[in-house]
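Hi,

Here is the structure I promised to pass on. Have a look at it first, and then read my notes below.

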Amino acid sequence: MLVDTGSCERISHACHYGRSENGCADCKVRLISVCSVLALTELEELEALSHHLTLDKGQTLFGQDEPVGSVFNVIEGTLRLTRLLPDGRRQVMGFALPGDFLGLAPQERYSVSAEALGPVKTCRFSREDFAAVVEAKPHLLRSLHERAGYELNLAQEQMVLLGRRTAEEKVAAFLLSLRERYARAGHSSVTVELPMGRQDMADHLGLTIETVSRMLSRLDRTHAILLVPGGVRLLDLARLEKMAAS
């Protein structure tokens, strides 16, 4: 079930929604999120405007074309970002991981739907309140610009991914990109968690589910990766990187 564990009144102290005593200052993703540039006193000000929102697997954080009323910071879990095309087909635009901010684009309506792939925790802010904080803190605005640049780079990489690469190259590039994003969030490992299913990967890479499964099996069979429960272990990074760079 989707749970909103409450919000803080606009008073001088922060409300922590059952988090640790230090609240935002002790947040797992603070150092990789846009709010990393804020001082402790500024974090308390931001936290006083936040709601702690929890979703179960399959629940929707927001839907495509819904009015944008809130922005969200992903604390735990993974969200699938999808867009329904006019002909009814689904395109998986990407996956939101811990540290990602959602709803920051200037559009008045969400361009995608965000669905939890497992248990998800987020901090939710009124768009109006968050915009006021950003306007008052130029260093936070700069952090948002850096985040926008990072997301633009991901979008450009996705365009290349869907372009001239072979199916095997697409899968290899996807696994390496996911590994890099996990490492950025402080989870560096040769084992890459795959909270998304094969169909999600297929809809993201512009392939069929059969092709994705076949490519993963081929990479496993040639010892480039090892398929493990819930993910893959990257055994031959040099080979995968060569394939992804094609």
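Predicted model: local features only at pLDDT ≥ 70, side-chain atom pairs only at ≥ 80, totals over all residues.

Residues are numbered from 1 along each chain as its sequence is written, and side-chain values use heavy atoms, with hydrogens and water left out.

**The overall picture**

The chain has seven helices and 12 strands. Helices (H or I, at least four residues) and strands (E, at least two) are DSSP runs, numbered from the N terminus. Out of 246 residues, 45% count as buried. Buried means under 20% relative accessible area, exposed means over 50%, and partly exposed is in between (1.4 Å probe, protein chains only). Looking at contacts with a separation of 6 or more, 70% come from residues 24 or more positions apart; contact means heavy atoms within 4.5 Å.

**Back to the salt bridges**

The whole structure holds seven salt bridges.

R90 is partly exposed at 29% relative accessibility, whereas D203 is buried at 16%.

With 7% relative accessibility, D200 counts as buried. Setting aside residues up to four places away in sequence, D200 touches R80, R90, V92, F95 and L117.

D100 and R181 meet at 2.7 Å, N to O. D100 lies in the loop between β6 and β7 (101-102) and R181 in helix α4, 81 residues apart, and both D100 and R181 are buried. R89 pairs with D87, and their closest N and O atoms are 2.7 Å apart; here R89 and D87 are both exposed.

**The nonpolar core**

Which residues have the most contacts inside the largest nonpolar core? They are F174, L175 and L194, in a core of 30 residues. A nonpolar core is a set of buried Ala, Val, Leu, Ile, Met, Phe, Trp, Tyr and Cys residues joined through side-chain atoms within 4.5 Å. Elements that each supply at least two residues include β6 (90-96), α4 (167-184) and α5 (198-205). The biggest share comes from α4, with eight residues. Leaving out neighbours within four places in sequence, F174 is in contact with F95, L194, M196, M201, H204 and L205.

**Strands and sheets**

Strands β5 (residues 79-84) and β6 run antiparallel and are joined by six bridges. Two strands pair if DSSP finds at least two bridges between them. L79 is opposite A96 in β6. The hairpin of β5 and β6 has five residues between the strands, and in this hairpin G88 takes a positive phi near 95°.

There is also an open sheet of three strands, in the order β10-β12-β11, with antiparallel pairing. β10 (191-193) and β11 (225-228) are at the edges with a single partner strand each, so one side of each has no neighbour in the sheet. β11 and β12 pair over four bridges, and L226 is opposite R233 in β12.

**Two last spots**

In helix α1 (residues 40-47), the residues E42, L43, L46 and E47 are buried. They are on the same side of α1, because they cover an arc of only 140° around the axis (the arc is that of the directions from the helix axis to the C-beta atoms).

Is S189 buried, partly exposed or exposed? S189 is partly exposed, with a relative accessible area of 35%. Look for S189 in the loop between α4 and β10. S189 and L234 are 45 residues apart in sequence, and their C-alpha atoms are 8.9 Å apart in space.

Happy looking!

How values were computed: Salt bridge = Lys/Arg side-chain N within 4 Å of Asp/Glu carboxyl O.
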